Amino acid sequence: MNIFSRYLIRYVFIGFAAAAGILLPLFTTFNLINELDDVSPGGYRWPQAVIVVLMTLPRNLIDLSPFIALLGGIAGLGHLSKTMELTAIRSTGLSIFKIAMITLTAGVMIIALLAVTDEWIAAPLQQHALRIRTTAMAQDPNADHQKNNMLWARRGDAFATIKSLDAKNQPVGIEIFHYRPDLSLETYIYAEKGRVLKNGTWTLEGVYEKRWLDGRETTEVHKQQQWKSIFTRINLEMLTMPAGSFSIKQLRSYISYLQDTGQPSIEFRVALWQKLGRPLLTLAMMLLAIPFTFSIPRSPGIGSRLAMGVIVGLLTYISDQIIVNIGILFDLQVQLTVLCPPVALLIIALILVSRFNRQE
């Protein structure tokens with residue numbers, strides 16, 4: 001790697017940092033305003049809201065990374081173009097295509113750092129922030145202490161649902177259904193609440209049980225009853241969190257459990273492939289900064305380029321979300337749905353770079 005390559009990579013990193021320094025505070029302010037809507041005197045307070053927002057900063061950085069990459073590339077390379085340094089570098093024989101490849105090298109370095117941040121920093125911090133939030137909100141005497149996130153699981157002919165979790169993350173409103181091979185209901189169990197034990201067994205309390213055998217119905221009431229849970233060993237509290245807050249390891253584990261038990265897993269498979277597709281989108285957006293840089297070489301400033309970059313970034317984000325949601329709605333192949341937009345954008349960026357390279 002020669003001195004010109006290191007110089008270009010340095011300015012790509014500077015541009016990425018500058019774009020992140022502008023966008024992150026803006027979106028953090030929006031997030032804080034949303035969090036303050038849930039603040040109450042006896043529960044979730046504003047210092048906790050500030051902590052939660054700060055702990056989700058790494059997640060915001062990951063989610064905004066393609067947008068930041070585009071604006072950062074335009075800003076970094078645009079500065080070199082404005083000061084004529086890019087022209088001087090090109091006079092040494094460095095073509096537009098080579099500059100694009102150096103930019104991609106910087107992009108690979110950035111997405112490697114982002115991948116480490118996502119897996120070992122952003123995911124744990126976001127999950128911890130969500131725990132702080134839900135625990136604080138549960139302490140409000142004027143609020144419902146239960147997190148109304150319906151959970152359900154299946155294993156073989158057994159189905160179970162949980163209405164909600166209480167303030168201590170214990171299940172409330174448990175229903176268990178056992179079906180025969182002919183799909184007739186064999187037993188139905190309702191428990192007011194349960195206690196999760198370490199060995200995967202639950203202690204159900206306030207149990208109401210019905211059985212059907214040879215056309216006869218029997219009813220039993222138990223104060224307590226042991227039940228071998230069919231829910232995954234992943235913490236129940238974690239299952240109430242959004243799929244995007246999971247790490248790759250957690251997503252793979254939970255997807256494997258869902259598929260083994262015959263449950264729908266598309267939401268979590270989409271989240272997993274989005275984590276794998278986002279680096280491609282980031283590289284595509286960074287490469288797209290090359291046409292913006294060389295399209296108006298004599299432009300006195302980069303304001304117009306940044307404005308166009310914002311428009312392209314927003315359109316790309318909206319299009320990507322529409323395609324992903326259509327894929328979920330129609331149960332399309334996840335890999336195709338998630339990877340199609342970034343791959344298409346990467347091809348478009350390469351075509352544009354090749355076109356500018358031929359015109360020089």
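**Helical spans, an antiparallel sheet and salt bridges**

In this predicted model, residues 306–330 form a span that is 96% helix and 0% strand, with its end C-alpha atoms 36 Å apart. The span of residues 336–354 is 100% helix and 0% strand, and its end C-alpha atoms lie 26 Å apart. Both spans are listed under "transmembrane region" in an unreviewed UniProt entry, which also gives residues 12–33, 64–81, 93–116 and 276–294.

Six strands make up an open sheet with antiparallel pairing, arranged in the order 1-2-3-4-5-6. On average, neighbouring strands are turned by 15° against each other, direction ignored. Within this sheet, strand 4 (residues 185–196) and strand 5 (residues 201–213) run antiparallel and are joined by nine bridges. Thr187 has Arg211 of strand 5 as its bridge partner.

Nine salt bridges are found in the whole structure. One of them links the side chains of Asp118 and Arg59 (2.9 Å, N to O). Because Asp118 belongs to helix 5 (residues 96–138) and Arg59 to helix 3 (residues 57–82), the pair ties together parts 59 residues apart in sequence. Asp118 and Arg59 are both buried.

A salt bridge also connects Glu205 with Lys193 (3.9 Å, N to O); Glu205 lies in strand 5 and Lys193 in strand 4, so parts twelve residues apart in sequence are tied together. Glu205 is buried at 16% relative accessible area, whereas Lys193 is partly exposed at 43%. Arg211 forms a salt bridge with Glu209, with the closest N and O atoms 2.8 Å apart. Arg211 is partly exposed, at 40% relative accessible area, while Glu209 is buried, at 5%. Elsewhere, salt bridges with shared partners join Glu35, Asp38 and Arg133 into one network.

Methods
Residues are numbered from 1 along each chain as its sequence is written. This is a predicted model: local features need pLDDT of at least 70, side-chain atom pairs count only at pLDDT 80 or more; totals for chains, interfaces and linings use all residues. Side-chain values use heavy atoms; hydrogens and water are left out. UniProt positions are given in the numbering used here, feature names are shortened, and annotations may be inferred rather than shown by experiment. Helices (H or I, at least four residues) and strands (E, at least two) are DSSP runs, numbered from the N terminus. Two strands pair if DSSP finds at least two bridges between them. Axes are lines fitted to C-alpha atoms, for helices over the stretch in contact, and angles run from 0 to 180 degrees between N-to-C directions. A salt bridge is a side-chain nitrogen of Lys or Arg within 4 Å of a carboxyl oxygen of Asp or Glu. Buried means under 20% relative accessible area, exposed over 50%, partly exposed in between (1.4 Å probe, protein chains only).
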